[in-house]
Amino acid sequence: MKVVVPIRSSEQVKPFLDCGADEFYCGVVFDEWMYKYGSLIEYNRRGSFHLQANFHSEQDLNKAVHTVKYSGKEIYLTINAIRICEEQLPVLEHLIQIVKDYGMSGLIISDPILIPLCQAYKMDFIISSCANVINAECCRMYQDFGAKRIIFPRNICFHDMELISSNVKGIEFESFLMNSACKFTDGNCLGTHNTEYGSLCTYIDKYPKYFHSFTNESIRADVMQKILNNAFYYKQLFSNEKGLGCAQCDIYHLQHVADSVKIVGRLLPTEKLCQQIDMTKRNIEIASQCESEDEYHKRMQDPKELISSDICRTGMSCYYR
């Protein structure tokens, strides 16, 4: 399996290559888009984080692309907003022209409206998790359009990944491995992720809650208890532990259903990402030598940060459990 990692600066390319990264993905702060639409209308799912999660200039992106390609690796640009309207296509076409000239390997997209542009510029394209590909027929549709790879959604289960990968041949599959876990479905999320306003799904738990009946009658005690229980479980889904996200224990299974695994974290420090790349490469090698999941679990390199904080015991940071 290939290890796919995020970058936001050309300076990250060499350390990630040294750790064993096989492929890169990134976004860029595109001035033409910013001038016309601002930061709250995104063309990629981390656009509102600006320089914290994206290349600061087209020049630095060009430098990174050349370094990656010279090393024999691939790099993809994220244009994976869930919805893109026709009015925005000329701006994005200009961006595609620019990165095509740089030698960008291809694009990661969510909205099918971009497929004709990918085809016109002969750009390989990968279907993002935000496109919600959760069955074989949907996968075949994108395959017919020429997609190179499907990225499984975060909330998919192993059974469904196995069904899809075993029934659809001739296309690559990718699954999430580290960081940024979310129990919601990416393709149904219309929230904006940024530092100024935060994410709605996490912010909603910070405010007091008052429950009222539509008929202005008092709520029965047993019904109120169910409401409070639901609120409690909701909070657990968005605890700090759940937000971490890890599937190192599942690499033995993932190697049979995915061609690549994605380390998420365009906002994370370079050093932390290097540690995760190194651990992932080691565990993939170990998994390839094991004859059973039990053997892999005994030999694998543990995510020390999660083990030491006792998060692994709770299971709250597991991606696919």
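Is asparagine 216 buried or exposed? Asparagine 216 is exposed, because its relative accessible area is 74%; the classes are buried under 20%, exposed over 50% and partly exposed in between, with a 1.4 Å probe and protein chains only. The model is predicted, so to speak of local features a pLDDT of at least 70 is needed, side-chain atom pairs count only at pLDDT 80 or more, and totals for chains, interfaces and linings use all residues. Residues are numbered from 1 along each chain as its sequence is written, and side-chain values use heavy atoms, with hydrogens and water left out.

Asparagine 216 lies in the loop between helix 8 (200–203) and helix 9 (221–237). Helices (H or I, at least four residues) and strands (E, at least two) are DSSP runs, numbered from the N terminus. The phi of asparagine 216 is near 65 degrees, a positive value in a residue other than glycine. Lysine 122 also has a positive phi, near 50 degrees. Lysine 122 sits in the loop between helix 5 (115–120) and strand 5 (124–127). Its relative accessibility is 69%, so lysine 122 counts as exposed. Most residues other than glycine have a negative phi.

Strand 3 (residues 74–79) is largely enclosed by the rest of the structure, because five of its six residues are buried. Strand 3 runs parallel to strand 2 (residues 23–26), and four bridges join the two. Strands pair if DSSP finds at least two bridges between them. Four bridges also join strand 3 to strand 4 (residues 106–109), again in parallel. Leucine 77 stands opposite leucine 107 in strand 4. From strand 3 the chain passes through helix 4 (residues 89–102) to strand 4, in a right-handed β-α-β crossover. Right-handed means that, with the strands pointing away from the viewer, the path from the first strand over the helix to the second runs clockwise.

Glutamate 23 is buried, with a relative accessible area of 2%. Its contacts (heavy atoms within 4.5 Å) beyond four places in sequence include Lys2, Glu74, Tyr76, Arg149 and Glu174.

The largest nonpolar core has 92 residues. Such a core is a set of buried Ala, Val, Leu, Ile, Met, Phe, Trp, Tyr and Cys residues joined through side-chain atoms within 4.5 Å. Leu61, Leu77 and Ile79 have the most contacts inside it. Helix 4 gives the largest share, eight residues. Beyond four places in sequence, leucine 61 contacts Cys26, Val28, Phe55, Leu77, Val99, Tyr102 and Met104.
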